[in-house]
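Biologist: Here is the model I wanted to go through. Can we start with the packing of helices on strands?

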Amino acid sequence: MQITNNLNQQNFNGAFRIKPSDIKSQQEIPNLFTQGRQIFGDILEKGDMVIVLRDNYDKRVAKYICTNDLKDIEYYPEISTKSGLDSEIPEGLLKLINNGTTKVLTDINEICKRCFAQPKAKIPAKKILVSKEIEKISNALRLNIEKPIVSTNSTSTIIRDENKKRTIEIIMQNRGNSYVYVKPDIPYMDSIRCIVDGKGSIMKRFETPQEMLNFNRRFKKLREAKVNIITGN
């Protein structure tokens with residue numbers, strides 16, 4: 001496929017599913033990156049690979065796809081590393097892919113056309129009111145928070161529950177999934193680490209030592225990325 005447009009004009013971001021038949025691409029595409037990516041296997045069929053990338057890294061995959069004229073690939077423009085995914089929990093990615101509204105492109109010409117389109121203005125993520133999020137989290141975990149003291153910014157939302165001597169920290173990204181960390185003041189009391197979806201259901205509890213370690217690492221990365229969309233207004 002001949003490419004005549006300038007790569008600097010790309011507005012390409014999302015996730016890419018490489019089908020089991022394309023072993024060569026499964027081996028070569030991950031090597032284009034040393035960071036800023038999440039890799040999932042066996043998502044829609046045994047032997048497939050899904051690579052979810054940070055937005056500003058997707059240009060490398062765009063060039064690879066279009067210059068090699070790949071056929072066995074699917075592109076999900078609405079899924080990225082800001083979608084609240086965890087490589088240890090492939091069910092979260094599968095849920096996004098199968099929710100019936102996530103867009104998927106399968107035609108190489110359509111993918112490359114989007115790849116080399118002029119950049120569009122970025123639409124800010126919809127803000128979520130802190131009062132609604134506190135109510136949702138409280139109901140999901142049965143926390144019964146009274147007179148919360150709240151501070152919120154792009155790093156995280158921190159709720160101080162003085163009555164029960166604990167701090168609840170929340171990071172919510174796009175699509176309504178919230179990472180929740182409940183930290184009691186008393187050392188011997190159990191903390192809570194979990195993901196709550198937009199409907200107020202607990203998607204995942206992190207309870208084993210390894211799961212808690214994975215959660216802590218992911219939570220730290222989310223803080224540093226400043227993706228929290230909860231607002232105090």
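Modeller: Helix 6 (residues 209-225) lies across strand 8 (166-172), strand 9 (178-184), strand 10 (192-196) and strand 11, at about 115° to strand 9. Helices (H or I, at least four residues) and strands (E, at least two) are DSSP runs numbered from the N terminus. Axes are lines fitted to C-alpha atoms, for helices over the stretch in contact (heavy atoms within 4.5 Å); angles run from 0 to 180 degrees between N-to-C directions. This is a predicted model: local features need pLDDT of at least 70, side-chain atom pairs pLDDT 80 or more, while totals for chains, interfaces and linings use all residues. Residues are numbered from 1 along each chain as its sequence is written, and side-chain values use heavy atoms, without hydrogens and water.

Biologist: In what order do the strands of the open sheet run?

Modeller: The order is 6-7-8-9-10-11, with antiparallel pairing; two strands pair if DSSP finds at least two bridges between them.

Biologist: And which strands stand at the edges?

Modeller: Strand 6 (149-152) and strand 11 (202-205); each has a single partner strand, so one side of each lacks a neighbour in the sheet. Strand 6 pairs with strand 7 (residues 157-161) over 4 bridges, and threonine 152 stands opposite threonine 157.

Biologist: New topic: is aspartate 22 buried or exposed?

Modeller: Buried, because its relative accessibility is 13% (buried is under 20%, exposed over 50%, partly exposed in between; 1.4 Å probe, protein chains only).

Biologist: What does aspartate 22 contact, leaving aside neighbours within four places in sequence?

Modeller: Leu70 and Asp72.
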